[in-house]
Amino acid sequence: LVTGTQLKIALAAMAARCRLTARFHHVHGANVRLDASRTRATRVESFAHGLCFSQEPLAPGQIFLVEIEEKERGWCGHLRVGLTALDPQHLQPVPEYSLPDLVNLGDTWVFAITRSHNRVAVEGEAARAPPGDPFLLAERVRIPRDTLVGRSRPGRYSHILDELYRTNVLPATARRSRIGVLYAPQPDGTADMHIVINGEDMGPSARHLPTTRPLYAVVDVFASTKSVRVIPVEDGFPSLQTLCRVVIQKHIVHRVAIDGLDLPTPLKSFCKHE
């Protein structure tokens, strides 16, 4: 059995690792404000100058995942994500737009998120894992799906909304949707870029990316997308904490009922996916 001390040590180690990778770079667009942890990026005015980057280059198969926290009416256009081989540290000034400004600098691949357009069919593609499968399979990359899927705020209708996120019925850029980007190495030494929307792989959006240079995630908090938050994603197998959450959620009607369980407050919060 895992003792409370062992669990705390494991969670602390996981949190430390997440702090190093799952946060934004200190270099960003002029209208972006980061919180103290650099895990939340908010565009404070206008509709542009919202470019953000991952703090560190991504490892092969590592997903950089953000959740849409706030929307702003009155603008046309949505979140844009991708990868760049340009070092953010050397972007002075940071371009106003990811499309076309950053892309025009070269070695950058960015796409606007509109689910119907991001879905890429590949000839001879193997069957994808069904939505209920616990793992996302993107070529040879295997990631626990639980964290990748958007979830509503706990409430009266959260069990209904959660199903809409899980099945991608809601628009890709709805509040609480989770959008991720990763690259999958290929036999020829290059890589394919994949965009993931609420646990569904959209296919290789760009091919032949260089793997000899560091690749940073790009997140453009553009137009109607006002604020996003980085979501840490576990590598490999789901943690004991995640497995406990899955079991608890299977035995309740919706997440509001978690408040009535005899559990520590931090575990209740985690089970509600806050």
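This is a predicted model: local features need pLDDT of at least 70, side-chain atom pairs count only at pLDDT 80 or more; totals for chains, interfaces and linings use all residues.
**Cysteines.** Cys76 is exposed, at a relative accessible area of 74%. I then searched the whole structure for disulfides and found zero.

**Main core.** Next I turned to the nonpolar cores. The largest has 32 residues. Which of its residues touch the most other members? I note Phe24, Phe64, Val66, Val219 and Val228. Several strands give two or more residues to this core, among them β4 (64–71), β5 (80–84), β12 (216–220) and β13 (225–231). β10 gives the most, with four residues.

I checked Val219 by itself. Beyond its neighbours within four places in sequence, Val219 is in contact with Phe24, Gly50, Leu51, Cys52, Phe64, Val66, Leu79, Arg80 and Val228. Another core, of 12 residues, lies apart from the largest one. Leu65, Leu136, Val141 and Ile143 are among its members.

**Strand β9.** Is β9 mostly covered or mostly open? Mostly covered: seven of its eight residues are buried. β9 pairs with β4 in the antiparallel sense over four bridges. Here Phe64 has Val181 in β9 as its bridge partner. β9 also pairs with β10, again antiparallel, over seven bridges. In that pairing Gly180 stands opposite Val196 in β10. The two strands, β9 and β10, form a hairpin with four residues between them. In the turn, Gly189 has a positive phi of about 90°.

**Aromatic rings.** My search of the whole structure gave five aromatic pairs. I took Phe47 and Tyr97 to begin with. Their ring centres are 6.4 Å apart and their planes stand at 35°, so I call the pair tilted. The two residues are 50 residues apart, Phe47 in the loop between β2 and β3, Tyr97 in the loop between β5 and α2. Phe47 is partly exposed at 28%. Tyr97 counts as buried at 19%; the cut-off for buried is under 20%.

Tyr97 also pairs with Phe222, edge-to-face, at 6.2 Å centre to centre and 75° between the planes. These two are 125 residues apart, and Phe222 sits in the loop between β12 and β13. Phe222 is buried, at 7%. Ring pairs link Phe47, Trp75, Tyr97 and Phe222 into a cluster.

**Charges over rings.** Which residue lies over the face of Phe222? Arg80 does, at 3.8 Å from the ring centre. I also found the charged end of Arg142 over the ring of Phe135, 3.7 Å from its centre.

Terms used
Residues are numbered from 1 along each chain as its sequence is written. Side-chain values use heavy atoms; hydrogens and water are left out. A disulfide is a pair of cysteine sulfur atoms within 2.5 Å. Buried means under 20% relative accessible area, exposed over 50%, partly exposed in between (1.4 Å probe, protein chains only). A nonpolar core is a set of buried Ala, Val, Leu, Ile, Met, Phe, Trp, Tyr and Cys residues joined through side-chain atoms within 4.5 Å. Contact means heavy atoms within 4.5 Å. Two strands pair if DSSP finds at least two bridges between them. Rings of Phe, Tyr and Trp (its six-membered ring) pair if their centres lie within 6.5 Å; planes under 30 degrees apart count as stacked, over 60 as edge-to-face and the rest as tilted. A charge sits over a ring if NZ of Lys or CZ of Arg is within 6 Å of the ring centre and within 35 degrees of the ring normal.
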